[in-house]
Amino acid sequence: MLFYGSQAQAQTPPESAQTTQYDVLADLLENEETRNQLVEQLRGLAVQGAEDPAQTPSERGLLRADNAEGSSVSTTIALKLQSFASSLRRDIHQTWRVFGALGDADSRAMQALSSWRPALLNLLITILVVGLVYAVCRLPAQRAFARLNAWATRPRSLPEDAVPEPSGIRLSEQPKAAVAGRRGRRVPKHLGRKFMAALGALVVDVAVTVVAALAGYVAVLSNPGSAGQASLLAMQFLTAFVAIEVVKACSRGVFATRYEQLRLLPVSAENATYWNRWIVILISVTGYGLLVMVPVVKTVLSTSVGQLLGVVLMIAVYVYAVSVVWKNRKSVSAELTRSAEHATTSVFGTLMRIAARSWAWLALAYLTVLLLVSLADQQHALSYMGTASLQTLLAVLVGAFLSMLLQSWMTRRLHLSERWNQAFPLLERRLNSYIPACLKALRLAVTVVVVLVILDAWRVFDLTLWLSSANGQAAINTVFRVAVVLLIAALTWTVLASVIEHRLSTSQGTRVPTEREKTLLMLFRNALAILISTMTALVVLSQVGIDIAPLIAGAGVVGLAIGFGAQKLVQDVITGIFIQLENGLNQNDVVELVGLFGTVEKLTIRSVVIRTLDGGYHLIPFSSIDKVSNHTRDFGYHYGEYGVGLRESVDDVIAQMHLAFEALKKDPEVAAAIIDDISIPGVTSINQQGYTIRVLIKTTPGMQWAVQRSFNRLIKMYFDAAGIELPYPHTVLHFGRDKNGFAPPVDMRMVDAVAHHEGKSHTEPAPGQTLRPLPDAS
């Protein structure tokens with residue numbers, strides 16, 4: 001068990017060496033120290049065999065061991081570390097014994113080693129044949145790469161009938177010289193040509209690997225001494241060669257150090273050469289070390305020696321890789337950031353920015369996992385890492401492609417026909433508002449699926465087991481039911497809201513809705529939105545497993561408490577309901593509320609918004625309204641009181657008013673608003689300045705103020721033309737008298753002066769004309 005054989009993969013040695021192994025085993029059992037070590041190994045194998053027999057060795061070695069009942073994660077980790085330390089100590093001790101036996105030229109050790117000489121010779125021949133054929137086949141492959149690079153670079157000329165025209169200019173309108181200059185223009189092909197060329201180069205590279213492996217296989221079969229166990233190591237090398245070289249071919253396909261058009265990453269040739277060389281070294285050392293060197297050492301010498309060699313090899317690779325990553329972390333981050341600024345899509349730009357910030361830590365984590373897995377199970381470490389890496393890469397690429405596709409759809413808009421836009425004005429905008437939300441939900445679903453697939457790849461989460469379990473199926477059913485509920489809610493709201501908007505629309509030639517209909521429909525739409533939102537939230541909660549019965553009961557209790565604590569709010573709602581039932585006011589009505597005169601701009605179930613003439617925005621709760629004065633209900637009146645001087649004739653004034661009204665009916669701006677003849681009740685008041693005549697003109701609702709302004713303008717014009725005097729203040733001059741009723745004579749000079757002054761300001765008297773004295777009061 002400690003020499004000449006591998007516990008995990010060593011095959012049965014040739015029959016000539018079996019007797020020697022039995023003798024060695026008997027000698028080991030005679031030694032007390034080696035016997036104790038053998039007992040310890042057997043107990044370890046017994047513990048390993050007690051695990052689930054359905055699990056593979058990799059699952060038992062790679063973080064798949066179940067914790068004992070009641071044990072914590074820290075205890076499990078401590079036990080694994082203790083087991084690893086014990087195994088490492090045992091491997092070191094056994095390696096020392098093996099090399100000591102070889103150094104002492106132990107006959108039994110040398111005889112066992114010589115039994116594997118044909119297999120080692122066959123392995124060496126296979127390596128030489130594979131290497132030679134691979135090097136020869138690379139020469140025509142290089143020429144194929146050059147041709148693919150030239151094919152990807154080759155431009156194409158546009159045909160004459162496909163010459164692009166400048167925007168807004170037809171080809172016939174352009175100068176012939178400009179057209180002739182553009183016909184020979186050469187433009188690069190689509191980006192897909194580059195990917196096709198890179199894919200072709202990858203196929204050629206993999207084909208070279210397969211041909212070299214087939215040549216090695218033929219060499220193994222043609223070797224007369226390669227029958228049985230002698231061909232084991234050679235076949236193992238061929239398998240490792242194909243796997244490792246295919247991975248290296250993928251690296252060369254991504255970086256394409258010599259061919260710029262075949263390079264998939266936007267990096268310079270110098271950087272591509274550096275990173276390709278580093279990755280190739282890392283893959284070669286790790287792959288050939290764990291898949292070729294370690295198995296050979298385990299088979300020929302001892303399992304412990306192979307295990308120790310693998311540990312040393314992986315630690316050296318880990319230290320080297322970590323140093324390279326840490327050295328280039330800043331330069332790579334800067335390069336990724338610059339590439340993100342020139343990304344063609346936002347998805348790639350976002351991914352590259354995330355990679356710029358976290359690539360170093362992700363690389364360090366990947367290398368750490370590789371080290372731990374290889375230390376735990378060297379035999380299956382690379383297969384585990386390769387499968388997990390490939391699954392992760394595919395998940396990320398598919399997720400990025402789907403995200404990019406959804407992002408491109410997110411910028412598109414749905415366009416309805418003109419007929420539908422006229423019938424349902426807001427339907428197109430509402431549908432376009434649904435598209436980004438749905439696409440964001442799909443992107444979130446894609447992200448969740450990608451994360452789950454990545455976790456499943458690294459065996460942190462068993463996606464297949466979860467999907468087949470009751471919890472997984474219940475989660476998927478819940479998501480599906482919630483999606484159906486949201487779809488039904490959105491469809492219901494869209495249909496009902498569109499019907500309401502169709503009724504409010506006047507572009508189809510249907511009957512114009514009244515202001516009351518507009519108000520009630522708007523209130524109904526708001527109430528409908530609240531109802532659908534509430535019902536959808538309750539149904540969604542019930543679908544995700546939340547019992548909504550306590551929520552409904554609690555809402556009733558809370559509503560009762562709010563009703564007592566917020567009586568003012570309840571009063572607002574109840575008053576608003578009765579105002580709407582009594583049709584007291586509607587939207588766009590001109591009303592007077594709580595001392596404010598303005599237009600009703602908005603109505604809710606609790607308040608009304610008034611916009612006054614000065615532009616003020618006044619929100620008035622319904623409970624504060626004790627009187628509603630609506631000036632736009634059914635009809636309106638121009639109510640005017642016109643004052644006239646006392647000396648004017650009432651009949652003449654009324655006649656002029658009728659003439660002004662006739663002219664008003666011919667005014668195109670207000671003629672349609674007049675719905676009845678003028679009403680002039682007559683003289684309503686007389687005072688010392690004049691008398692007042694009342695006028696009433698019946699108009700359509702809201703037009704009484706426009707009619708008033710036009711009628712006032714016409715009244716002033718007709719009164720001026722007829723010489724009708726408007727009232728103005730009068731003053732009575734009293735000269736006084738004695739107790740017997742006799743007034744003193746008037747000083748004529750004063751009268752002459754007054755007359756002379758008035759004559760100058762009005763009319764001069766004729767020559768020889770004098771002012772007659774006033775008659776004697778007696």
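## Strand pairing

Two strands count as paired if DSSP finds at least two bridges between them. In this predicted model, five bridges join strand β5, residues 607-612, to β6. The two strands run antiparallel. Arginine 611 stands opposite tyrosine 617, a residue of β6.

## The sheet

The pair of β5 and β6 belongs to an open sheet of five strands, and the pairing in this sheet is antiparallel. Read across the sheet, the order is β6-β5-β4-β3-β7. Which strands stand at the edges? They are β6 (617-621) and β7 (628-630). Each of these has a single partner strand, so one side of β6 and one side of β7 are left without a neighbour in the sheet. On average, neighbouring strands of the sheet are turned by 40 degrees against each other, with direction ignored.

## The second largest pocket

Another part of the model to look at is a pocket. The second largest pocket has a volume of about 880 Å³. Its lining is made up of 26 residues. Those nearest the centre of the pocket are Ala441, Val479, Ala483, Val484 and Leu486.

Three helices, α16 (427-457), α17 (463-468) and α18 (470-504), each supply at least two residues of this lining. Which helix gives the most to the lining? It is α18, with 13 residues.

What classes of residue does the lining have? There are 25 nonpolar residues and one polar residue, and no charged residues.

Terms used. Residues numbered from 1 in each chain as written. Predicted model: local features only at pLDDT ≥ 70, side-chain atom pairs only at ≥ 80, totals over all residues. Heavy atoms only, no water. 1 Å grid on protein atoms, 1.4 Å probe; cavity = no way out; pocket = protein on both sides within 12 Å on 5 of 7 lines; lining within 4 Å. Points joined across faces, edges and corners; volume = space filled by probe spheres on them. Helix = DSSP H or I, 4+ residues; strand = E, 2+ residues; numbered from the N terminus. Nonpolar A, V, L, I, M, F, W, Y, C, P; charged D, E, K, R; others polar. Axes fitted to C-alpha atoms, helices over the stretch in contact; angles between N-to-C directions.
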